[in-house]
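Subject: Structure for you to look at, with notes

Hello,

Please find below the structure that I promised to pass on to you.

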Amino acid sequence: MPCHNQQMNNVNSGQEHPMKQVRFANNSDSSVPDLVSNSGSENVSIQAESQESLGPQLKLLPLNDQIRELQTIIRDKSTSRGDFVFCADRLIRLVVEEGLNQLPYSECTVITPTGYKYDGVKFERGNCGVSIMRSGEAMEQGLRDCCRSIRIGKILIQSDEETQKAKVYYAKFPPDIYRRKVLLMYPILSTGNTVIEAVRVLIEHGVQPRHIILLSLFSTPHGAKSIIQEFPDITILTTEVHPVAPTHFGQRYFGTD
């Protein structure tokens, strides 16, 4: 499988130059490769239409061949569980990194070991993660790999057997969550009902929707639309918007299929 090459800062004449900071996922069509299959073209069209109708609250990771391959392997029914988990973890890491990129930061200056000043940035404190059990727990390690000391809450929502409506069975958050920016983790957005209920619970605990960034891997147009219509200030970050979501994700990841 292809691997990402590590990138290093160029040092010229003993002077260090700061790298350009990219702050937001690119929602423009220029991020899409020119050479795609017919099905790939259809996917791009679906995603473009979804972004146009839902506006800036829906953010897509810039599409590249690495992401397309990971999406393909995860959707392939013949993929072994080992390969499935490996590729899912890679895709989760990409989403988490971009999710962190949406958080507030401030500029700062540090002194390098060679004595030069470096103008950089530092992220503001006061962030936390919340995973929607059980599939959302698959994204926890990816967040911890990026933020070792971040607080992570959990919420369990299941469909009521009689009414078929989403019902909260368990919720535990940091006591000061109302003051934090929240990275809400749920890999597959199908109908959006589970996430809508989770956001309602967060609001009940004092979290403002504009402080919630929903991290997902795959979303249907209906799922994303339902969430944004209910909470126009929420941000959704995903890798793909497609009518068919890989709803087998949780079972395959945890080996319960």
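How many salt bridges does the count come to? If a salt bridge is taken as a side-chain nitrogen of Lys or Arg within 4 Å of a carboxyl oxygen of Asp or Glu, the count comes to ten. Before the details, please keep in mind that this is a predicted model, in which local features need pLDDT of at least 70 and side-chain atom pairs count only at pLDDT 80 or more, while totals for chains, interfaces and linings use all residues. Residues are numbered from 1 along each chain as its sequence is written, and side-chain values use heavy atoms, with hydrogens and water left out.

**Salt bridges**

Side chains of opposite charge can pair when their charged atoms come close. One of the pairs here is Arg144 with Glu140, where N and O are 3.4 Å apart. These two residues are four places apart in helix α4 (residues 140-146), which separates them by about one helical turn; helices (H or I, at least four residues) and strands (E, at least two) are DSSP runs, numbered from the N terminus. An α-helix has 3.6 residues a turn, so residues three or four places apart point the same way.

For accessibility, buried means under 20% relative accessible area, exposed means over 50%, and partly exposed lies in between (1.4 Å probe, protein chains only). Arg144 is partly exposed at 34%, whereas Glu140 is buried at 7%.

A salt bridge also links Arg179 and Asp176, at 3.5 Å from N to O; here Arg179 is exposed at 58% and Asp176 is buried at 18%. In helix α5 (residues 193-204), Arg200 and Glu197 lie three residues apart, about one turn of the helix, and their closest N and O atoms are 3.3 Å apart in a salt bridge. Arg200 is partly exposed at 35%, while Glu197 is buried at 19%. Through shared partners, salt bridges also join Glu137, Glu140, Arg144 and Lys154 into one network.

**Helix α2**

In helix α2 (residues 65-75), the residues Gln66, Ile67, Leu70, Gln71, Ile73 and Ile74 are buried. They cover an arc of only 165 degrees around the axis, and so they sit on the same side of α2, the arc being that of the directions from the helix axis to the C-beta atoms. Among the elements that cover these buried residues, by contact (heavy atoms within 4.5 Å), are α3 (81-100), β12 (218-219), β14 (240-241) and α7 (249-254).

**Nonpolar cores**

A nonpolar core is a set of buried Ala, Val, Leu, Ile, Met, Phe, Trp, Tyr and Cys residues joined through side-chain atoms within 4.5 Å. The largest has 32 residues, and those with the most contacts inside it are Ile74, Leu143, Leu215, Leu217 and Phe249. Two or more residues come from each of α2, α3, β9 (181-185), β11 (212-215) and α7, and α3 gives the most, with nine residues. Leaving aside residues up to four places away in sequence, Leu217 touches several residues, including Leu91, Ile92, Val95 and Phe249. A second, separate core of 30 residues includes Leu58, Leu60, Ile157 and Ile212.

**Cysteines**

With a disulfide taken as a pair of cysteine sulfur atoms within 2.5 Å, the structure holds zero disulfides. For Cys147, the nearest cysteine sulfur is that of Cys146, 6.0 Å away, and Cys147 is partly exposed at 21%.

Best wishes
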